[in-house]
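Okay, thanks for making the time, everyone. Have a look at the structure on the screen, and I'll walk you through it piece by piece.

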2 protein chains.
Amino acid sequence: MKKAVVLLSGGLDSATILAIAKQQGYVCHALSFDYGQRHGAELNAARFIAEQARVMEHKLVRIELDSYGGSALTDSRIAVPDSPGSGIPVTYVPARNTVFLAFALGWAEVLGSFDIFIGVNAVDYSGYPDCRPEFVQAFEKLAGLATKAGVEGGRFTVHTPLLHLSKAEIILAGRALGVDYAHTVSCYSADDHGRACGVCDSCRLRKAGFAAAGLEDPTRYRNGGIV
Amino acid sequence: MKKAVVLLSGGLDSATILAIAKQQGYVCHALSFDYGQRHGAELNAARFIAEQARVMEHKLVRIELDSYGGSALTDSRIAVPDSPGSGIPVTYVPARNTVFLAFALGWAEVLGSFDIFIGVNAVDYSGYPDCRPEFVQAFEKLAGLATKAGVEGGRFTVHTPLLHLSKAEIILAGRALGVDYAHTVSCYSADDHGRACGVCDSCRLRKAGFAAAGLEDPTRYRNGGIV
(Lines give C-alpha, C1' and ligand atoms only; values in the text may rest on other atoms or scores of the structure.)
Protein backbone atom coordinates (compact mmCIF):
# COMPACT_ATOMS: atom_id res chain seq x y z
CA MET A 1 0.00 0.00 0.00
CA LYS A 2 1.29 3.44 -0.95
CA LYS A 3 1.60 6.02 1.81
CA ALA A 4 0.75 9.67 1.41
CA VAL A 5 1.13 12.73 3.60
CA VAL A 6 -2.08 14.78 3.40
CA LEU A 7 -2.07 18.42 4.51
CA LEU A 8 -5.26 18.82 6.51
CA SER A 9 -6.24 22.30 7.64
CA GLY A 10 -9.74 21.36 8.69
CA GLY A 11 -11.33 23.32 5.86
CA LEU A 12 -13.53 22.24 2.98
CA ASP A 13 -10.73 21.73 0.46
CA SER A 14 -8.43 19.68 2.65
CA ALA A 15 -11.29 17.41 3.81
CA THR A 16 -11.97 16.76 0.14
CA ILE A 17 -8.39 15.87 -0.77
CA LEU A 18 -8.20 13.48 2.16
CA ALA A 19 -11.25 11.66 0.78
CA ILE A 20 -9.69 11.66 -2.70
CA ALA A 21 -6.34 10.32 -1.43
CA LYS A 22 -8.15 7.54 0.43
CA GLN A 23 -10.22 6.72 -2.63
CA GLN A 24 -7.03 6.49 -4.68
CA GLY A 25 -5.81 3.80 -2.31
CA TYR A 26 -3.28 5.74 -0.26
CA VAL A 27 -2.62 5.00 3.39
CA CYS A 28 -3.06 8.53 4.69
CA HIS A 29 -0.84 10.31 7.18
CA ALA A 30 -2.60 13.57 7.95
CA LEU A 31 -0.65 16.68 8.90
CA SER A 32 -2.08 19.81 10.49
CA PHE A 33 -0.34 22.94 11.71
CA ASP A 34 -0.98 25.24 14.58
CA TYR A 35 0.75 28.18 12.96
CA GLY A 36 -0.71 30.91 15.11
CA GLN A 37 -3.91 31.22 13.11
CA ARG A 38 -6.69 33.33 14.62
CA HIS A 39 -8.74 30.49 16.04
CA GLY A 40 -8.46 26.84 17.02
CA ALA A 41 -11.79 25.82 15.45
CA GLU A 42 -10.22 24.60 12.22
CA LEU A 43 -7.79 22.39 14.14
CA ASN A 44 -10.69 20.88 16.06
CA ALA A 45 -12.30 20.24 12.68
CA ALA A 46 -9.07 18.69 11.39
CA ARG A 47 -9.00 16.28 14.35
CA PHE A 48 -12.61 15.30 13.73
CA ILE A 49 -12.12 14.81 9.98
CA ALA A 50 -8.93 12.77 10.47
CA GLU A 51 -10.70 10.52 12.96
CA GLN A 52 -13.76 10.07 10.77
CA ALA A 53 -11.52 9.19 7.81
CA ARG A 54 -9.62 6.67 9.96
CA VAL A 55 -6.25 7.96 8.85
CA MET A 56 -3.18 5.93 9.80
CA GLU A 57 -1.85 8.83 11.86
CA HIS A 58 -2.62 12.50 12.41
CA LYS A 59 0.20 14.83 13.38
CA LEU A 60 -0.54 18.27 14.75
CA VAL A 61 2.57 20.40 14.68
CA ARG A 62 3.19 23.88 16.04
CA ILE A 63 4.99 26.18 13.58
CA GLU A 64 5.43 29.72 14.82
CA LEU A 65 4.51 31.71 11.71
CA ASP A 66 3.04 34.22 14.13
CA SER A 67 6.60 34.97 15.23
CA TYR A 68 7.00 36.99 12.04
CA GLY A 69 3.32 37.79 11.41
CA GLY A 70 2.64 40.01 8.41
CA SER A 71 -0.84 38.60 7.77
CA ALA A 72 -4.34 39.15 9.08
CA LEU A 73 -4.34 35.45 9.98
CA THR A 74 -1.19 35.52 12.10
CA ASP A 75 -1.14 39.06 13.49
CA SER A 76 -4.16 40.12 15.52
CA ARG A 77 -3.39 43.79 14.82
CA ILE A 78 -4.32 43.27 11.15
CA ALA A 79 -8.10 42.94 10.64
CA VAL A 80 -9.71 40.30 8.42
CA PRO A 81 -11.51 42.24 5.66
CA ASP A 82 -15.28 41.79 5.48
CA SER A 83 -15.47 42.66 1.80
CA PRO A 84 -13.34 41.70 -1.18
CA GLY A 85 -10.56 44.06 -2.21
CA SER A 86 -8.23 44.01 -5.18
CA GLY A 87 -4.92 42.16 -5.46
CA ILE A 88 -3.53 39.62 -3.02
CA PRO A 89 -5.46 40.15 0.23
CA VAL A 90 -3.99 40.76 3.71
CA THR A 91 -5.00 37.23 4.67
CA TYR A 92 -2.02 36.01 2.60
CA VAL A 93 0.45 34.39 5.03
CA PRO A 94 4.05 34.82 3.81
CA ALA A 95 5.64 31.49 2.82
CA ARG A 96 2.87 29.46 4.47
CA ASN A 97 2.52 26.72 1.86
CA THR A 98 6.29 26.60 1.37
CA VAL A 99 6.78 25.92 5.08
CA PHE A 100 3.91 23.41 5.16
CA LEU A 101 5.12 21.49 2.09
CA ALA A 102 8.71 21.51 3.37
CA PHE A 103 7.61 19.90 6.62
CA ALA A 104 5.40 17.43 4.76
CA LEU A 105 8.36 16.55 2.55
CA GLY A 106 10.52 15.68 5.54
CA TRP A 107 7.82 13.50 7.05
CA ALA A 108 7.16 11.82 3.69
CA GLU A 109 10.84 10.99 3.33
CA VAL A 110 10.95 9.41 6.78
CA LEU A 111 7.80 7.39 5.99
CA GLY A 112 9.25 6.22 2.67
CA SER A 113 6.45 8.05 0.87
CA PHE A 114 6.77 10.07 -2.34
CA ASP A 115 3.24 11.46 -2.33
CA ILE A 116 2.01 14.66 -0.72
CA PHE A 117 -1.56 15.93 -1.09
CA ILE A 118 -2.39 19.62 -0.74
CA GLY A 119 -5.78 21.24 -1.31
CA VAL A 120 -4.65 24.25 -3.29
CA ASN A 121 -7.00 25.68 -5.85
CA ALA A 122 -6.40 28.33 -8.46
CA VAL A 123 -10.00 28.96 -9.56
CA ASP A 124 -12.21 30.05 -6.64
CA TYR A 125 -9.36 31.26 -4.49
CA SER A 126 -8.00 34.41 -2.91
CA GLY A 127 -5.11 34.90 -5.33
CA TYR A 128 -2.42 33.58 -3.00
CA PRO A 129 0.77 33.01 -5.02
CA ASP A 130 1.52 29.71 -3.26
CA CYS A 131 -1.70 28.13 -4.58
CA ARG A 132 -0.69 28.31 -8.25
CA PRO A 133 0.47 25.42 -10.45
CA GLU A 134 3.86 27.02 -11.13
CA PHE A 135 4.53 27.14 -7.41
CA VAL A 136 3.63 23.47 -7.00
CA GLN A 137 5.84 22.45 -9.93
CA ALA A 138 8.77 24.42 -8.52
CA PHE A 139 8.30 22.71 -5.17
CA GLU A 140 8.31 19.25 -6.75
CA LYS A 141 11.59 20.08 -8.46
CA LEU A 142 13.05 21.34 -5.19
CA ALA A 143 11.91 18.19 -3.37
CA GLY A 144 13.94 15.99 -5.68
CA LEU A 145 17.07 18.06 -5.09
CA ALA A 146 16.58 18.59 -1.35
CA THR A 147 16.31 15.01 -0.17
CA LYS A 148 18.34 11.84 0.08
CA ALA A 149 15.40 9.94 -1.40
CA GLY A 150 15.38 12.34 -4.35
CA VAL A 151 19.12 12.09 -4.94
CA GLU A 152 18.75 8.31 -4.91
CA GLY A 153 16.29 8.56 -7.80
CA GLY A 154 12.94 8.84 -6.03
CA ARG A 155 10.48 11.32 -7.46
CA PHE A 156 8.15 13.25 -5.19
CA THR A 157 4.69 14.18 -6.42
CA VAL A 158 2.69 17.01 -4.92
CA HIS A 159 -0.89 15.98 -5.67
CA THR A 160 -3.26 18.88 -6.22
CA PRO A 161 -6.53 17.26 -7.30
CA LEU A 162 -8.49 20.49 -6.70
CA LEU A 163 -6.16 22.81 -8.58
CA HIS A 164 -8.39 23.47 -11.59
CA LEU A 165 -11.82 22.80 -10.06
CA SER A 166 -14.40 25.41 -9.17
CA LYS A 167 -15.58 25.46 -5.56
CA ALA A 168 -18.85 23.87 -6.70
CA GLU A 169 -16.99 21.06 -8.44
CA ILE A 170 -14.90 20.47 -5.32
CA ILE A 171 -18.03 20.23 -3.19
CA LEU A 172 -19.71 17.84 -5.61
CA ALA A 173 -16.58 15.65 -5.76
CA GLY A 174 -16.37 15.52 -1.98
CA ARG A 175 -20.07 14.82 -1.55
CA ALA A 176 -19.76 11.88 -3.95
CA LEU A 177 -17.05 10.51 -1.64
CA GLY A 178 -19.15 11.00 1.47
CA VAL A 179 -17.47 14.10 2.90
CA ASP A 180 -19.67 15.78 5.51
CA TYR A 181 -18.93 19.47 5.08
CA ALA A 182 -20.84 20.40 8.21
CA HIS A 183 -17.69 19.36 10.09
CA THR A 184 -15.28 21.53 8.11
CA VAL A 185 -14.37 25.10 9.03
CA SER A 186 -13.33 27.54 6.31
CA CYS A 187 -14.01 30.88 7.98
CA TYR A 188 -11.03 33.09 8.80
CA SER A 189 -12.80 34.34 11.92
CA ALA A 190 -14.73 31.31 13.18
CA ASP A 191 -15.75 31.44 16.82
CA ASP A 192 -14.78 28.86 19.44
CA HIS A 193 -17.71 26.69 18.40
CA GLY A 194 -16.54 26.67 14.78
CA ARG A 195 -19.37 28.98 13.64
CA ALA A 196 -18.55 31.06 10.57
CA CYS A 197 -18.79 34.82 10.07
CA GLY A 198 -20.33 34.53 6.60
CA VAL A 199 -18.61 37.62 5.21
CA CYS A 200 -14.87 36.95 4.94
CA ASP A 201 -13.32 35.97 1.62
CA SER A 202 -13.20 32.31 2.59
CA CYS A 203 -16.85 32.29 3.70
CA ARG A 204 -17.94 34.02 0.49
CA LEU A 205 -16.14 31.53 -1.75
CA ARG A 206 -17.59 28.62 0.22
CA LYS A 207 -21.12 29.98 0.27
CA ALA A 208 -21.05 30.69 -3.46
CA GLY A 209 -19.75 27.15 -4.03
CA PHE A 210 -22.72 25.52 -2.34
CA ALA A 211 -25.09 27.80 -4.21
CA ALA A 212 -23.46 27.02 -7.57
CA ALA A 213 -23.53 23.30 -6.76
CA GLY A 214 -27.25 23.57 -6.04
CA LEU A 215 -26.77 22.15 -2.55
CA GLU A 216 -27.93 23.34 0.82
CA ASP A 217 -25.06 25.01 2.66
CA PRO A 218 -24.42 22.99 5.84
CA THR A 219 -22.10 25.64 7.29
CA ARG A 220 -22.96 26.72 10.79
CA TYR A 221 -23.08 30.50 10.72
CA ARG A 222 -23.21 32.87 13.64
CA ASN A 223 -26.60 34.62 13.94
CA GLY A 224 -28.23 31.69 12.18
CA GLY A 225 -26.71 32.65 8.86
CA ILE A 226 -28.14 36.15 8.78
CA VAL A 227 -25.20 38.40 8.15
CA MET B 1 20.37 49.97 4.51
CA LYS B 2 19.56 46.55 3.08
CA LYS B 3 18.15 43.96 5.46
CA ALA B 4 19.10 40.30 5.42
CA VAL B 5 17.86 37.21 7.23
CA VAL B 6 20.87 35.17 8.33
CA LEU B 7 20.43 31.52 9.32
CA LEU B 8 22.53 31.10 12.44
CA SER B 9 22.99 27.62 13.85
CA GLY B 10 25.78 28.54 16.24
CA GLY B 11 28.37 26.58 14.26
CA LEU B 12 31.54 27.69 12.53
CA ASP B 13 30.01 28.23 9.10
CA SER B 14 27.01 30.28 10.20
CA ALA B 15 29.14 32.51 12.43
CA THR B 16 31.26 33.20 9.35
CA ILE B 17 28.35 34.10 7.07
CA LEU B 18 26.98 36.47 9.70
CA ALA B 19 30.32 38.28 9.68
CA ILE B 20 30.32 38.33 5.88
CA ALA B 21 26.75 39.65 5.68
CA LYS B 22 27.63 42.42 8.12
CA GLN B 23 30.77 43.26 6.19
CA GLN B 24 28.68 43.52 3.01
CA GLY B 25 26.60 46.19 4.73
CA TYR B 26 23.45 44.24 5.54
CA VAL B 27 21.37 44.96 8.61
CA CYS B 28 21.25 41.41 9.95
CA HIS B 29 18.20 39.61 11.32
CA ALA B 30 19.51 36.33 12.70
CA LEU B 31 17.34 33.23 12.77
CA SER B 32 18.01 30.08 14.79
CA PHE B 33 15.93 26.95 15.17
CA ASP B 34 15.37 24.63 18.05
CA TYR B 35 14.44 21.70 15.83
CA GLY B 36 14.91 18.94 18.37
CA GLN B 37 18.66 18.64 17.85
CA ARG B 38 20.57 16.52 20.35
CA HIS B 39 21.87 19.36 22.48
CA GLY B 40 21.24 23.00 23.29
CA ALA B 41 24.89 24.02 23.21
CA GLU B 42 24.77 25.27 19.63
CA LEU B 43 21.76 27.46 20.41
CA ASN B 44 23.63 28.96 23.35
CA ALA B 45 26.47 29.61 20.93
CA ALA B 46 24.05 31.18 18.45
CA ARG B 47 22.78 33.55 21.13
CA PHE B 48 26.32 34.54 22.05
CA ILE B 49 27.39 35.06 18.42
CA ALA B 50 24.28 37.11 17.60
CA GLU B 51 24.87 39.34 20.60
CA GLN B 52 28.58 39.79 19.83
CA ALA B 53 27.73 40.69 16.23
CA ARG B 54 25.12 43.21 17.45
CA VAL B 55 22.47 41.94 15.05
CA MET B 56 19.29 43.97 14.69
CA GLU B 57 17.22 41.06 16.01
CA HIS B 58 17.73 37.39 16.81
CA LYS B 59 14.75 35.05 16.53
CA LEU B 60 14.89 31.59 18.06
CA VAL B 61 12.06 29.47 16.72
CA ARG B 62 10.95 25.97 17.69
CA ILE B 63 10.31 23.70 14.68
CA GLU B 64 9.42 20.14 15.63
CA LEU B 65 11.52 18.20 13.13
CA ASP B 66 11.90 15.64 15.92
CA SER B 67 8.20 14.88 15.49
CA TYR B 68 9.12 12.90 12.39
CA GLY B 69 12.73 12.09 13.31
CA GLY B 70 14.56 9.90 10.81
CA SER B 71 18.01 11.31 11.65
CA ALA B 72 20.68 10.74 14.26
CA LEU B 73 20.32 14.44 15.11
CA THR B 74 16.57 14.36 15.78
CA ASP B 75 15.96 10.80 16.99
CA SER B 76 17.89 9.72 20.08
CA ARG B 77 17.48 6.07 19.07
CA ILE B 78 19.82 6.62 16.09
CA ALA B 79 23.48 6.93 17.17
CA VAL B 80 25.85 9.59 15.81
CA PRO B 81 28.62 7.66 14.00
CA ASP B 82 32.15 8.08 15.38
CA SER B 83 33.82 7.26 12.08
CA PRO B 84 33.08 8.27 8.50
CA GLY B 85 30.96 5.90 6.41
CA SER B 86 30.02 5.99 2.76
CA GLY B 87 27.09 7.85 1.16
CA ILE B 88 24.85 10.37 2.87
CA PRO B 89 25.29 9.82 6.63
CA VAL B 90 22.53 9.18 9.19
CA THR B 91 23.06 12.71 10.51
CA TYR B 92 21.18 13.94 7.43
CA VAL B 93 17.94 15.56 8.65
CA PRO B 94 15.14 15.14 6.08
CA ALA B 95 14.10 18.48 4.56
CA ARG B 96 15.95 20.51 7.20
CA ASN B 97 17.32 23.26 4.98
CA THR B 98 14.07 23.39 2.99
CA VAL B 99 12.11 24.04 6.19
CA PHE B 100 14.70 26.54 7.45
CA LEU B 101 14.84 28.48 4.18
CA ALA B 102 11.03 28.46 3.90
CA PHE B 103 10.72 30.04 7.32
CA ALA B 104 13.50 32.51 6.52
CA LEU B 105 11.68 33.42 3.32
CA GLY B 106 8.49 34.26 5.19
CA TRP B 107 10.34 36.44 7.66
CA ALA B 108 12.30 38.13 4.87
CA GLU B 109 9.09 38.97 3.07
CA VAL B 110 7.59 40.54 6.19
CA LEU B 111 10.78 42.55 6.75
CA GLY B 112 10.80 43.75 3.14
CA SER B 113 14.10 41.93 2.61
CA PHE B 114 15.11 39.94 -0.46
CA ASP B 115 18.33 38.54 0.96
CA ILE B 116 18.81 35.32 2.91
CA PHE B 117 22.22 34.06 4.02
CA ILE B 118 22.87 30.36 4.65
CA GLY B 119 26.20 28.74 5.49
CA VAL B 120 25.97 25.74 3.20
CA ASN B 121 29.17 24.34 1.80
CA ALA B 122 29.68 21.70 -0.86
CA VAL B 123 33.41 21.09 -0.41
CA ASP B 124 34.28 19.95 3.15
CA TYR B 125 30.78 18.74 3.96
CA SER B 126 28.89 15.58 4.81
CA GLY B 127 27.23 15.10 1.43
CA TYR B 128 23.83 16.44 2.47
CA PRO B 129 21.73 17.03 -0.65
CA ASP B 130 20.33 20.30 0.68
CA CYS B 131 23.79 21.89 0.79
CA ARG B 132 24.36 21.75 -2.97
CA PRO B 133 24.18 24.66 -5.43
CA GLU B 134 21.37 23.05 -7.45
CA PHE B 135 19.23 22.92 -4.30
CA VAL B 136 19.89 26.57 -3.55
CA GLN B 137 19.04 27.62 -7.11
CA ALA B 138 15.80 25.64 -7.02
CA PHE B 139 14.86 27.33 -3.75
CA GLU B 140 15.50 30.80 -5.19
CA LYS B 141 13.20 29.98 -8.09
CA LEU B 142 10.54 28.70 -5.69
CA ALA B 143 10.84 31.83 -3.54
CA GLY B 144 9.92 34.06 -6.46
CA LEU B 145 6.81 32.00 -7.19
CA ALA B 146 5.74 31.45 -3.58
CA THR B 147 5.52 35.01 -2.39
CA LYS B 148 3.55 38.17 -2.94
CA ALA B 149 6.84 40.07 -3.09
CA GLY B 150 8.05 37.69 -5.80
CA VAL B 151 4.86 37.97 -7.84
CA GLU B 152 5.20 41.75 -7.64
CA GLY B 153 8.60 41.53 -9.28
CA GLY B 154 10.98 41.21 -6.32
CA ARG B 155 13.80 38.74 -6.66
CA PHE B 156 15.01 36.78 -3.65
CA THR B 157 18.67 35.85 -3.38
CA VAL B 158 19.90 33.01 -1.19
CA HIS B 159 23.47 34.05 -0.44
CA THR B 160 25.88 31.15 0.00
CA PRO B 161 29.30 32.77 0.35
CA LEU B 162 30.86 29.54 1.65
CA LEU B 163 29.50 27.22 -1.02
CA HIS B 164 32.75 26.59 -2.86
CA LEU B 165 35.27 27.24 -0.08
CA SER B 166 37.27 24.61 1.77
CA LYS B 167 36.89 24.54 5.55
CA ALA B 168 40.35 26.11 5.86
CA GLU B 169 39.35 28.95 3.52
CA ILE B 170 36.15 29.51 5.53
CA ILE B 171 38.15 29.74 8.75
CA LEU B 172 40.67 32.14 7.25
CA ALA B 173 37.87 34.33 5.85
CA GLY B 174 36.14 34.42 9.24
CA ARG B 175 39.35 35.15 11.12
CA ALA B 176 40.02 38.08 8.82
CA LEU B 177 36.62 39.45 9.83
CA GLY B 178 37.29 38.91 13.52
CA VAL B 179 35.16 35.81 14.13
CA ASP B 180 36.12 34.12 17.39
CA TYR B 181 35.61 30.43 16.66
CA ALA B 182 36.09 29.47 20.31
CA HIS B 183 32.47 30.51 20.75
CA THR B 184 31.06 28.36 17.95
CA VAL B 185 29.85 24.78 18.39
CA SER B 186 30.02 22.36 15.46
CA CYS B 187 29.96 18.99 17.26
CA TYR B 188 26.90 16.79 16.76
CA SER B 189 27.26 15.52 20.33
CA ALA B 190 28.51 18.53 22.28
CA ASP B 191 27.98 18.38 26.03
CA ASP B 192 26.02 20.94 28.04
CA HIS B 193 29.13 23.10 28.31
CA GLY B 194 29.54 23.15 24.52
CA ARG B 195 32.56 20.84 24.60
CA ALA B 196 33.06 18.79 21.45
CA CYS B 197 33.49 15.03 21.07
CA GLY B 198 36.30 15.33 18.52
CA VAL B 199 35.31 12.25 16.54
CA CYS B 200 31.99 12.94 14.77
CA ASP B 201 31.92 13.96 11.11
CA SER B 202 31.42 17.61 11.98
CA CYS B 203 34.32 17.61 14.47
CA ARG B 204 36.60 15.91 11.97
CA LEU B 205 35.87 18.43 9.22
CA ARG B 206 36.39 21.32 11.61
CA LYS B 207 39.60 19.97 13.10
CA ALA B 208 41.06 19.28 9.65
CA GLY B 209 40.10 22.81 8.63
CA PHE B 210 42.10 24.45 11.40
CA ALA B 211 45.05 22.16 10.64
CA ALA B 212 44.93 22.98 6.90
CA ALA B 213 44.65 26.68 7.70
CA GLY B 214 47.75 26.41 9.87
CA LEU B 215 45.89 27.80 12.87
CA GLU B 216 45.59 26.60 16.41
CA ASP B 217 42.21 24.89 16.91
CA PRO B 218 40.33 26.89 19.57
CA THR B 219 37.63 24.23 19.93
CA ARG B 220 36.99 23.11 23.49
CA TYR B 221 37.11 19.33 23.43
CA ARG B 222 36.08 16.93 26.14
CA ASN B 223 39.05 15.16 27.78
CA GLY B 224 41.25 18.14 26.89
CA GLY B 225 41.24 17.23 23.21
CA ILE B 226 42.58 13.71 23.69
CA VAL B 227 40.16 11.45 21.85
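Let's start with one pair of residues: Lys3(A) has Val27(A) as its bridge partner in strand 2 of chain A. Keep in mind that what we're looking at is a predicted model.

Now zoom out a bit. Chain A has an open sheet of five strands, in the order 3-2-1-4-5, with parallel pairing. Which strands stand at the edges? Those are strand 3 (57-62) and strand 5 (157-159) of chain A, and each has a single partner strand, so one side of each has no neighbour in the sheet. If you ignore direction, neighbouring strands are turned against each other by 25° on average.

There's also a helix packed on this sheet: helix 1 of chain A, residues 12-23. Helix 1 touches strand 1, strand 2 and strand 4 (115-117) of chain A, and its direction makes about 170° with that of strand 1.

Okay, on to the two chains together. Chain A superposes on chain B by a rotation of 180° with 0.0 Å of shift along the axis, and the RMSD is 0.0 Å. That's the relation of a two-fold axis. Both copies use the same surface, too: 100% of the contact residues of chain A recur in chain B.

So where can you see the chains meet? Look at helix 4, residues 133-146, in chain A and in chain B: the two pack at about 160°, with their axes 9 Å apart. That makes them roughly antiparallel to each other, and the crossing is left-handed. From chain A, the residues in this contact include Phe135(A), Phe139(A) and Leu142(A), and from chain B they include Phe135(B), Phe139(B) and Leu142(B). By class, the contact has 12 nonpolar residues, no polar ones and four charged.

Last stop, a helix pair inside chain B. The axes of helix 6 (residues 167-176) and helix 7 (residues 201-213) of chain B come within 7 Å and cross at roughly 70°. Those two helices of chain B are therefore roughly perpendicular to each other, and their crossing is right-handed. Among the residues making the contact are Ile170(B) and Ile171(B) of helix 6 and Leu205(B) and Phe210(B) of helix 7. Sorted by class, this contact of helix 6 with helix 7 in chain B has nine nonpolar, one polar and two charged residues.

Methods:
Residues numbered from 1 in each chain as written. Chains lettered and ligands numbered in written order. Predicted model: local features only at pLDDT ≥ 70, side-chain atom pairs only at ≥ 80, totals over all residues. Axes fitted to C-alpha atoms, helices over the stretch in contact; angles between N-to-C directions. Helix = DSSP H or I, 4+ residues; strand = E, 2+ residues; numbered from the N terminus. Parallel < 35°, antiparallel > 145°, perpendicular 65-115°, else oblique. Left-handed = near helix turned anticlockwise from the far one by under 90°. Contact = placed C-beta atoms within 7 Å. Nonpolar A, V, L, I, M, F, W, Y, C, P; charged D, E, K, R; others polar. Pairing = 2+ DSSP bridges. Least-squares fit on C-alpha atoms with pLDDT ≥ 70 in both.
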